[in-house]
Amino acid sequence: MAKLSKKQQEALSKFDQQKAYSLSEAFDVVKNITYTKFDASVDVDVRLGVDPRKANQMVRGSVTLPHGTGKTKRVLVLCTPDKEDEAKAAGADFVGLDEYIQKIKEGWTDVDVIITMPSVMPKIGPLGRILGPRGLMPNPKTGTVTMEVGKAVDEVKAGKIDFKVDKYGIIHAAIGKVSFDREKLVENAREVLTTIIKLKPTAAKGTYMKSVYVSSTMSPGVKIDVKSITL
């Protein structure tokens, strides 16, 4: 087992690792055990009782955080010329089509979100092997394949995030920064968690939300009392 640093040992001594905290209590703990010199991201990790290998138990979706993520997202809109002004007016960082498709083929993926139109998807499909592993492939289920490109850009810039259960049955989502007030973190986390609850597949049996932890960059995870999520 790797030896813990002095800061890690100090962080672990400040809370009960066996206790399940309420959302409010947990974020107080996270703030108290974060020692990074930068404004650390705050994440929520949810272990679900689903089998993600089965299509009817896949959990994925999107949610707009009430207080944003604290991070400015770089947005690329791949659209036809008639939609370019709409995308630019909404604040897209990059707008175009063929030239960006070519750049992506050459390895460029310096963006956080890609938004496109249904009519353009046949051109983007072949980019799946590049965009898929990076979580950048546009998808109608997350609102990134739409005719309303301006609205989609607005939502991303306002704090919309996408999430998807991984092969281990876990959803990871960034919900803010340590500098956020506790209540803002609580409201952002509750928005994500209640959305995940609503997305429970009918095929999922037994306990759906097995465990929930919150943490900051490089901090230990703090366990959440699942019952406190909807209170």
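Pockets and a helix crossing

Helix H1 (residues 6-13) contributes three residues to the lining of the second largest pocket, the most of any element. The model is predicted, with local features needing pLDDT of at least 70, side-chain atom pairs counting only at pLDDT 80 or more, and totals for chains, interfaces and linings using all residues. Residues are numbered from 1 along each chain as its sequence is written, and side-chain values use heavy atoms, without hydrogens and water. Helices (H or I, at least four residues) and strands (E, at least two) are DSSP runs numbered from the N terminus.

The second largest pocket holds about 200 Å³ of space. Of its 14 lining residues, Lys7, Gln8, Tyr35, Thr36 and Met218 are the closest to its centre. A pocket here is an open set of points on a 1 Å grid over the protein atoms alone, where a 1.4 Å probe fits, with protein on both sides within 12 Å along at least five of seven lines; lining residues have an atom within 4 Å of a point. Volume is the space filled by probe spheres set on the points, which are joined across faces, edges and corners.

The largest pocket has about 800 Å³ of space. Its lining comprises 31 residues, with Lys73, Asp112, Gly135, Asp162 and Phe163 nearest the centre. Strands E5 (113-116), E6 (160-164) and E7 (170-177) each supply at least two lining residues, and E7 gives the largest share, six.

Elsewhere, Leu23, Ser24, Phe27, Asp28 and Lys31 in H2 meet Arg182, Glu183, Leu185, Val186, Ala189, Arg190 and Leu193 in H8, contact meaning heavy atoms within 4.5 Å.
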